[in-house]
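Below is a short note for a colleague who has not seen this structure before. The points follow the display.

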Amino acid sequence: MNVKLKNIEIINAIQSIGVLADLDLSITTSWNITKNTKKLESLFKTYAECEGKIIEKYAIKDENNQVKIDKDNQYKIAPKFINIFNKERNELLNCENEIDISMIKVSDLIDEENKNKIKPAILISLYFMIED
């Protein structure tokens, strides 16, 4: 099924889909989750490349013109560019992607012995691939 997802939704989905990958599910459900994961990761890679360009453009640089990283392994945006950086990054987060998703059923995520307990937040961020 083709769905449209914003980059921010893809980021949230990638963080959540790992929870499903760790569950003991049917082969078919695991297969569909794996296919969806690979598609989402490909789009995330593209997002990360674009975000890196924005960071490179507006971050504070060191004497070798490399993005300066602080002790917490974080980059800092030059104060004079913070507004334009936030605008461009938000625009990137809201870019839409059309993706062919393999649907999974809620009933396939829950076993009779109730071993697989999935938090509602996980289901919310993966709404686009769940049917029932």
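1. Asn 97 lies in strand β2 (residues 96-100); strands (E, at least two residues) and helices (H or I, at least four) are DSSP runs numbered from the N terminus. This is a predicted model, in which local features need pLDDT of at least 70 and side-chain atom pairs count only at pLDDT 80 or more, while totals for chains, interfaces and linings use all residues. Residues are numbered from 1 along each chain as its sequence is written, and side-chain values use heavy atoms, with hydrogens and water left out.

2. Asn 97 counts as buried because its relative accessibility is 16% (buried is under 20%, exposed over 50%, partly exposed in between, with a 1.4 Å probe and protein chains only).

3. Helix α1 (residues 7-21) and helix α2 (residues 27-58) have axes that come within 9 Å and cross at roughly 145°. Axes are lines fitted to C-alpha atoms, for helices over the stretch in contact, with angles from 0 to 180 degrees between N-to-C directions.

4. Helix α2 also packs with helix α3 (residues 82-93), at an angle of about 175° and with the axes 10 Å apart. The two helices, α2 and α3, are therefore roughly antiparallel (angles over 145 degrees; under 35 is roughly parallel, 65 to 115 roughly perpendicular, the rest oblique). Tyr 47 and Ile 54 of α2 are among the residues making the contact, as are Phe 85 and Leu 92 of α3.

Technical notes: Contact = heavy atoms within 4.5 Å.
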